[in-house]
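Visitor: I would like to learn how to read a few features of a model. Please take them one at a time.

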Amino acid sequence: MVPSCDVIVVNYNAGGFLRDTIDAVLASCAVARVVVVDNGSTDDSLAGLPRSGPGSRLDVIRNAVNLGFATACNVGLGHASADFVLLLNPDCRPMPGAIERLIAVLIEHPDAGMSGPLLLNPDGSEQAGGRRAVPTPWRSLVRTLGLARFSRVVPAFTDYGLHREPLPAQPIAVEAISGACMMVRRDALRRVGLMDERYFLHCEDLDWCMRFRRGGFPILFTPEARVVHQKGVSSRSRPIATEWHKHRGMVLFYRKFFRETYPAPLMALVLAGIWLRFAVVAAVRAVTRGR
């Protein structure tokens with residue numbers, strides 16, 4: 001029997017990108033079923049989908065309101081039954097063989113809990129976030145101050161982004177992959193649990209990666225599996241709200257995993273820095289939209 005997966009796609013006003021993603025996914029013989037969880041979209045993205053329901057490999061779940069990414073993923077996971085589950089953004093297009101390879105890697109490494117692909121920008125360049133170290137408060141400070149350029153001299157100044165490193169020739173263990181495309185082993189999911197629904201948008205994937213690794217399930221970056229990611233299709237209409245949820249998620253992430261690691265005064269400084277950064281970014285977004 002050929003190993004198969006269920007695919008969960010959370011949609012929010014993704015327009016025609018959703019149909020392109022679904023077509024690419026259904027073209028894979030490794031996909032048993034696709035579950036689209038719509039978060040109260042107001043566009044016509046669902047209208048362009050193939051027939052769903054009984055006798056189809058496509059199911060559509062319509063939420064009346066936007067429940068957030070983590071909650072919607074959990075809704076979809078509740079409808080999945082395959083041994084492997086792929087979480088996929090509606091602006092991602094897996095290239096031929098990518099889904100099969102993500103499953104194969106988990107079969108080849110039975111201790112691993114997740115596998116993630118090489119995420120590509122539309123121009124073919126590697127996208128940031130597909131392979132990364134955990135952005136600890138220290139690593140975030142290094143990036144903010146631009147100290148990563150000195151990492152060859154001072155190893156402590158290493159950034160958390162790994163996309164500038166040479167591409168490995170084979171799958172390697174990493175601390176985190178992107179929530180835009182995650183292949184998850186169901187047995188590991190049962191032990192680790194669902195996504196933390198306190199995250200509305202952003203950082204829920206980092207949280208999950210931390211929990212998988214702490215639960216003893218390595219995460220594998222798989223460069224042979226390639227996925228083109230448009231990035232930001234569902235959030236571009238609400239840039240300031242997106243930044244709010246991103247920064248709020250980072251605050252929750254730091255409090256949850258690093259409160260006991262860093263002294264209280266330093267943690268307070270880090271959290272203040274996050275909100276200061278949000279204020280600056282939001283102001284820039286507001287001016288840009290005004291123009």
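Visitor: Which residues are buried in helix α3 (residues 98-108)?

Guide: This is a predicted model, so local features need pLDDT of at least 70 and side-chain atom pairs count only at pLDDT 80 or more, while totals for chains, interfaces and linings use all residues. Residues are numbered from 1 along each chain as its sequence is written, and side-chain values use heavy atoms, with hydrogens and water left out. Buried means under 20% relative accessible area, exposed over 50%, and partly exposed in between (1.4 Å probe, protein chains only). Helices (H or I, at least four residues) and strands (E, at least two) are DSSP runs, numbered from the N terminus. In α3, the buried residues are Ala98, Ile99, Leu102, Ile103, Val105 and Leu106. Viewed down the axis of α3, they fall within an arc of 155 degrees, so they line one face of the helix. The arc is that of the directions from the helix axis to the C-beta atoms.

Visitor: How many residues of helix α6 (residues 204-214) are buried?

Guide: Nine of the 11 are, so α6 is largely enclosed by the rest of the structure. Just after α6, Gly216 has a positive phi of about 90 degrees.

Visitor: Which residues touch the most other members of the largest nonpolar core?

Guide: A nonpolar core is a set of buried Ala, Val, Leu, Ile, Met, Phe, Trp, Tyr and Cys residues joined through side-chain atoms within 4.5 Å. The largest has 48 residues, and those touching the most other members are Leu87, Met114, Trp208, Phe212, Phe253, Tyr254 and Phe258. Helix α7 (residues 239-258) gives the largest share, seven residues. At least three residues come from each of domain 1 (5-134 + 165-229) and domain 2 (239-290), with bounds from an automatic or database domain assignment. A second, separate core has 33 residues, including Val7 and Ala98.

Visitor: How is a pair of aromatic rings described?

Guide: By the distance of the centres and the angle of the planes. Rings of Phe, Tyr and Trp (its six-membered ring) pair if their centres lie within 6.5 Å; planes under 30 degrees apart count as stacked, over 60 as edge-to-face and the rest as tilted. The whole structure holds 11 aromatic pairs. One of them, Phe258 with Tyr262, is edge-to-face, at 6.2 Å centre to centre and 80 degrees between the planes. Both Phe258 and Tyr262 are buried. Ring pairs also link Phe253, Tyr254, Phe257, Phe258 and Tyr262 into a cluster.
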